[in-house]
Amino acid sequence: MTTTREKAGFDTQCIHAGQSPDPVSGAVMAPIVLSSTFAQDGPGGHKGYDYSRAGNPTRTALEACLAALEGAKHGIAFSSGCAATTAVLMTLAAGDHVLVGDDVYGGTFRIFDKVLKHFGVETTFIDMQNPLDVLEAVRPNTRMIWLETPSNPMLKIFDIAAIADVARRRGLKLAVDNTFATPYLQRPLELGADLVVHSTTKYLNGHSDVVGGIVMTSDDELGERLHFLQKTLGACPSPFDCYLVLRGVKTLGVRMRRHIETARAIAEDLTRHPRVARVLYPGLEAHPGHAIAKRQMSGFGGMISFEMRGGLDHATRFLRALRVFACAESLGGVESLAEHPAIMTHASLTAEARQALGIGDGLIRLSVGLEDSEDLLEDLQRGFGASA
Ligand code: P1T
């Protein structure tokens, strides 16, 4: 890819970064290299690839493309977002302590709470809306800060630059799960984070047909360690899955613009609905993180959570009545999804943790897709009608 501008625009990078026409055939799409092994001239005489767990050309193209989008030197792809998270946490050692944003994906909570604990790594979950609280929670053995912003499912906004400053002053690594925002809206490395994690299952692939993850960093030492962990732990993505994410990410900018536009219309509509007690969308001025989101993001994304009046029965009837939104876990695809965090994505949290966060029986999370907004608005009305 060549442009006369110093740096190609985001949409151009989505389509071209890390890829160039195949030198043999001219194919414009990156070939899916399925080979598990690569012939060597003699022992050690390979052409950059020896075995596909350690490295694969289709994976290299994906890693280079996504690293370019996040402004990172290194991209290290994994077989799921959870595998990417686990790899980052494998850079820690027994006796270390991690500060984790109190609102994270249920599966991420489970890694800290049910796995890492048994390896002697301690975790404190805290609300990071006030960066001073983060500073105060740092212990002598704290090594890392981990956060999601916007967070899953409460759409909390944390100030990445302010928390990066805490991390820098205390010699800690800051890891940001950027899955909800995507690099189209927010680039944590530019705000001072050391690591960015994604579930590529979501917006980056965008078509709900891959489970994948990636870690990005510009820190050479961390990059080398993560490449080592990728080949050593072995949770690497298949070449076909890498190809699908490469193909999906080409339309990331186009998709995000539409996700944002429709999500705003739906969020505003929900605020006017008598059956809705509270709407959580960072684009609404009433959202407590609106000002920070406006500063650190270039748009407010496609995720909305809201609290319905009434109990579990009402929420269940609402979800069962939807015809365009599918009642399903996951997010970030072209199709709209609605789910019940307390029963579905965040069931692995303790009941107390859910209650403290406000993940109650009436909380519904929407992943707003690319369908016509009129059809989505009508579908939600259908749900409310059935829930009454
Ligand atoms: O599902 P997987 O690709 O392993 O990604 C895990 C993950 C990591 N980080 C965030 C912010 C996530 O939302 C997820 C997965 N989340 C869902 C499946 C969900 O419905 O919220």
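Guide: Two strands pair if DSSP finds at least two bridges between them. Helices (H or I, at least four residues) and strands (E, at least two) are DSSP runs numbered from the N terminus. The model is predicted, so local features need pLDDT of at least 70 and side-chain atom pairs pLDDT 80 or more, while totals for chains, interfaces and linings use all residues. Residues are numbered from 1 along each chain as its sequence is written, and side-chain values use heavy atoms, without hydrogens or water.

The part I take is the open sheet of 5 strands, in the order β8-β9-β12-β11-β10 and with mixed pairing. At its edges stand β8 (276-280) and β10 (326-327), each with a single partner strand, so one side of each has no neighbour in the sheet. Within the sheet, β11 (residues 337-339) and β12 (residues 363-367) pair in the antiparallel sense over 3 bridges. In that pair E339 stands opposite R365 of β12.

Helix α12 (residues 312-321) lies across β9 (303-308), β10, β11 and β12. Contact here means heavy atoms within 4.5 Å. The direction of α12 is at about 135° to β9; axes are lines fitted to C-alpha atoms, for helices over the stretch in contact, and angles run from 0 to 180 degrees between N-to-C directions.

Now the surroundings. The domain assignment, automatic or from a database, gives domain 1 (10-249) and domain 2 (253-387). Their C-alpha centres lie 26 Å apart, and the contact between them takes 40 residues from domain 1 and 44 residues from domain 2.

The crossing is right-handed, a term for a near helix turned clockwise from the far one by less than a right angle, with anticlockwise being left-handed. On the α10 side the contact includes T262, A265 and I266, and on the α14 side it includes L376, L380 and F384. By class, the contact has 7 nonpolar, 3 polar and 1 charged residues (Ala, Val, Leu, Ile, Met, Phe, Trp, Tyr, Cys and Pro are nonpolar, Asp, Glu, Lys and Arg charged, the others, Gly among them, polar).

There is also an open sheet of 7 strands, ordered β1-β7-β6-β5-β4-β2-β3 with mixed pairing. Its edge strands are β1 (74-78) and β3 (122-126), which pair on one side only. Neighbouring strands are turned by 20° against each other on average, direction ignored. In this sheet β4 (residues 142-148) and β5 (residues 173-177) pair in the parallel sense over 5 bridges, and E148 stands opposite D177. Helix α3 (residues 81-89) packs on the sheet, touching β1, β4, β6 (195-199) and β7 (213-217), and its direction makes about 155° with that of β6.
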